[in-house]
Amino acid sequence: MEIIPAHVVDESFEVASIIRDPYFRAIAYAKMAYELYGVQNRRYKEAFTRAVEASREIENPKYLIRALIEIGRYIAKCGIPAYKKVFYQAFEMAKGLALPTRDELIEEIIQALVGLKDYDEALYYAIELIDKIKKSENFLNLLSYYLKIGKMRKAHFIVNHLEDEPWRSIAAVETLKVHLKREEYGSAIRILNAIQNPYWLSEGIRETAIHLKTQGAPRATLEKFVNIAKNMSEDHGEEVLTNLLIGFGIVGEVELALNILSYLPAKRRAPILIELTARIMDDPKILEDLMIRLEGGLFNKVGKFIMGRVLEKPALEYQALVGIIGNKAKDEALLTKVVTYYAKLREYQKAISLAQRITDNYLRSLAFGSIAVNLLKEGNVDRALEVAFEVKHPKWNSWLMAELLVKILEQAKEQEIENDLEKKAKEEKVLWGD
């Protein structure tokens, strides 16, 4: 350990003594004390004493309190318990000041104590804040520290002392996450039951669903949470069940998600499933499981949404999913989208086989037209025209042949062939009055 020569220490005290401003002199002595303590020089006590004496000369209460906070901080860094008395003295002075200065200075005390990792002492002063926003924000900051070190009693103390939203609910959800990680499911359920804000209750339920699945919780535990959510929805509305459904769906618990769906109003089921589908578009396996289980109107609506997204950028990874939709589809508009997907992937045999199931003249022309356009892009003019003849209706067949003729000419001029048949077919349908 380096030893500071006595004459250097003497000179330091002498230099500090000639600092005219008492605030800066007090801080200088406090810093000296900390350095001297670090080398076990006994004169650190003298330096702290002089720091306190200098602070008494400060006339501005705001600067006096800040000086005491700094002195207290350096005393604490030396491991001397007396720092608590200094902070308390600063707090007593701050209490006598008007808002917002009062709370600003108390907040500085809290921040200093947090920096020293004395969270319990900081919590004591946070309780004394009057401004609701400052109080809530400081409570949340302290909560994050308590959760990080696993002091759950203190965390619950903060949750219970937060009176205003959304802070109380945010604190509850953050505490819930830690209980879930610790597999303390009973505590997690109690927290869920205490959350009053519908939005944050839904967030908490979704977090719970995702965690339970990813951590491999038993099926009975998952079903228990479904029952809890059902009971909560009676008081807090359907958003509770909606978020639990989405949470389970995201992690692949499709059967449970659809079980929850049955408790929701019929008119809300399709929009909720589409919201779920949008979130899992990058996971074809979950989508496959979902489409295998859906039937009727829900199958058609979700299937059309999926195909719309898939056709934006057709990819091989969706082949199994599209195969399920194509095999089950009875709605010819949906089937037309499936045909278009296969045509874009140049899976012409599959596309033609499905297109032949379509009886509506308008949709049949779109389906075979899509196949024909993709054949033209490959330069296979003869096959494209042959496919177009599969549209038996004279008017639609004539229209399609005329469109293909234009595209053959575009190709001859080395232009990019655009598959705009659907737009043009709609226009023709309106003109014909069909």
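A helix here is a DSSP run of type H or I with at least four residues, a strand is a run of type E with at least two, and both are numbered from the N terminus. This report describes a predicted model, in which local features need pLDDT of at least 70, side-chain atom pairs count only at pLDDT 80 or more, and totals for chains, interfaces and linings use all residues. Residues are numbered from 1 along each chain as its sequence is written, and side-chain values use heavy atoms, with hydrogens and water left out.

**The largest pocket**

A pocket is found on a 1 Å grid over the protein atoms alone, as an open set of points where a 1.4 Å probe fits, with protein on both sides within 12 Å along at least five of seven lines; its lining residues have an atom within 4 Å of a point. Grid points are joined across faces, edges and corners, and a volume is the space filled by probe spheres set on the points. The largest pocket holds about 320 Å³ of space. Its lining has 13 residues, and those nearest the centre are Thr336, Lys337, Thr340, Leu366 and Glu422. Helix H20 supplies the largest share of this lining, 5 residues, while H20, H22 and helix H25 (421-432) each give at least two. By type, the lining has 6 nonpolar, 4 polar and 3 charged residues. In this count Ala, Val, Leu, Ile, Met, Phe, Trp, Tyr, Cys and Pro are nonpolar, Asp, Glu, Lys and Arg are charged, and the others, Gly among them, are polar.

Serine 370 is in helix H22. This serine 370 has 2% relative accessibility and so counts as buried (buried means under 20% relative accessible area, exposed over 50%, and partly exposed in between, with a 1.4 Å probe and protein chains only). Apart from neighbours within four places in sequence, serine 370 is in contact (heavy atoms within 4.5 Å) with Thr340, Ala343, Asn419 and Leu421.

**The largest nonpolar core**

A nonpolar core is a set of buried Ala, Val, Leu, Ile, Met, Phe, Trp, Tyr and Cys residues joined through side-chain atoms within 4.5 Å. In soluble globular proteins, nonpolar side chains tend to be buried together. The largest core has 150 residues, and the members that touch the most others are Leu142, Leu245, Met291, Ile306, Tyr318, Ile325 and Ile371. Helix H22 (residues 361-377) gives the most to this core, 10 residues. Leaving out residues up to four places away in sequence, methionine 291 touches Phe299, Val302, Gly303, Ile306, Leu321, Ile324, Ile325 and Lys328.

**Salt bridges**

A salt bridge is a side-chain nitrogen of Lys or Arg within 4 Å of a carboxyl oxygen of Asp or Glu. The structure holds 24 salt bridges. The table lists some of them.

| Pair | N to O distance |
|---|---|
| Arginine 293 and aspartate 289 | 2.8 Å |
| Lysine 328 and glutamate 295 | 3.3 Å |
| Lysine 304 and aspartate 331 | 3.4 Å |

Arginine 293 and aspartate 289 both lie in helix H17 (residues 284-293), 4 residues apart, or about one turn of the helix. Arginine 293 is partly exposed, because its relative accessibility is 40%, and aspartate 289 is partly exposed at 23%.

The salt bridge between lysine 328 and glutamate 295 links distant parts of the chain: lysine 328 is in helix H19 (residues 319-328) and glutamate 295 in the loop between H17 and helix H18 (296-312), 33 residues apart. Lysine 328 is partly exposed at 24% relative accessible area, whereas glutamate 295 is exposed at 54%.

Lysine 304 and aspartate 331 also form a salt bridge. This pair links distant parts of the chain, with lysine 304 in helix H18 and aspartate 331 in the loop between H19 and helix H20 (332-344), 27 residues apart.

Elsewhere, salt bridges link Asp10, Arg43, Glu46 and Arg50 in a network.
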